[in-house]
Amino acid sequence: SVRFGAALLNVGSMEDLVDRPTELPRTIRVGTAIQPFRVLSFEDGATVFDAVLTLEMSRNTVTETSHVHVGAAADVLETVRVRLGYISNDALRDFSAGVGITAGPVRLDYALLPFEEGFGGPGHIFTLVYDGF
């Protein structure tokens, strides 16, 4: 399947700050997500492997900067999700990776953000989600 999306962010305006007026970073985003293939179990139709590829382009009209975001994710046995991402034209980071494990209503996610400079090393993000309500 193929999905398309578009968004316009920060369309409004801000009150002038004490020292100077501030323009909101109006951003235009356009993207697509492609599910190239899915492998199902022959016996019960459960998902064995599911892949998604994403591409997004964004443009900040205030700073006149553009970014290209590319991502890939794969679900294995509806339990493990592996993710890779890349963002262009970003001074702090470009590549990211992650893995998530789901067990019933609980999901544990880990993301690696190898910052280029200024943070003394890579960022590690852990997320624990309970979706049992």
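Is Phe-37 buried, exposed or partly exposed? Phe-37 is partly exposed, because its relative accessible area is 43%. Buried means under 20% relative accessible area, exposed means over 50%, and partly exposed lies in between (1.4 Å probe, protein chains only).

## Basis of the model

This is a predicted model: local features need pLDDT of at least 70, side-chain atom pairs count only at pLDDT 80 or more, and totals for chains, interfaces and linings use all residues. Residues are numbered from 1 along each chain as its sequence is written, and side-chain values use heavy atoms, with hydrogens and water left out.

## Aromatic pairs

The structure holds two aromatic pairs. Phe-37 and Phe-49 make a stacked pair, at 5.6 Å centre to centre and 15 degrees between the planes. Rings of Phe, Tyr and Trp (its six-membered ring) pair if their centres lie within 6.5 Å; planes under 30 degrees apart count as stacked, over 60 as edge-to-face and the rest as tilted. Phe-37 sits in the loop between strand 2 and strand 3 (38–40), and Phe-49 in strand 4, so the pair ties together parts that are twelve residues apart in sequence. Strands (E, at least two residues) are DSSP runs, numbered from the N terminus. Phe-49 has a relative accessible area of 26%, so Phe-49 is partly exposed.

Tyr-110 and Phe-126 form a tilted pair. Their centres are 4.9 Å apart, with 45 degrees between the planes. This pair links distant parts of the chain: Tyr-110 is in strand 8 and Phe-126 in strand 9, 16 residues apart. Tyr-110 is partly exposed, with a relative accessible area of 23%. Phe-126 is exposed, at 59%.

## A nonpolar surface patch

Phe-126 also belongs to a nonpolar surface patch of about 760 Å². Strand 8 (106–113) and strand 9 (123–130) are the elements that give two or more residues to the patch. Strand 9 gives the most, with three residues. Nonpolar side chains (Val, Leu, Ile, Met, Phe, Trp, Tyr) are joined within 5 Å, like charges within 9 Å. Accessible areas come from the Shrake-Rupley method with a 1.4 Å probe.

Phe-133 lies in the segment after strand 9. Phe-133 counts as exposed because its relative accessibility is 90%.

Thr-32 is found in strand 2. Thr-32 is buried, with a relative accessible area of 19%. Its side chain reaches the backbone oxygen of Arg-3 at 2.9 Å. A polar contact is a pair of N or O atoms within 3.5 Å; within protein, one must be able to donate a hydrogen and the other to accept it, and residues adjacent in sequence count only if both atoms are side-chain atoms. Thr-32 touches Val-2, Arg-3, Phe-4, Leu-53, Thr-54 and Leu-55, leaving aside residues up to four places away in sequence. Contact means heavy atoms within 4.5 Å.

Asn-60 is in strand 4 (residues 47–60). Asn-60 counts as buried, at 14% relative accessibility. A polar atom of its side chain lies 2.8 Å from the backbone nitrogen of Val-62. Asn-60 touches Pro-25, Arg-26, Thr-27 and Thr-65, again not counting residues up to four places away in sequence.

## An exposed loop residue

Glu-23 lies in the loop between strand 1 (2–9) and strand 2 (27–34). Glu-23 is exposed, with a relative accessible area of 59%. Glu-23 and Asn-10 are 13 residues apart in sequence and 9.5 Å apart in space, C-alpha to C-alpha.

Terms used
Helices (H or I, at least four residues) and strands (E, at least two) are DSSP runs, numbered from the N terminus. Patches are made of residues with over 30% relative accessible area and no salt bridge: like charges are joined within 9 Å, nonpolar side chains (Val, Leu, Ile, Met, Phe, Trp, Tyr) within 5 Å. A salt bridge is a side-chain nitrogen of Lys or Arg within 4 Å of a carboxyl oxygen of Asp or Glu.
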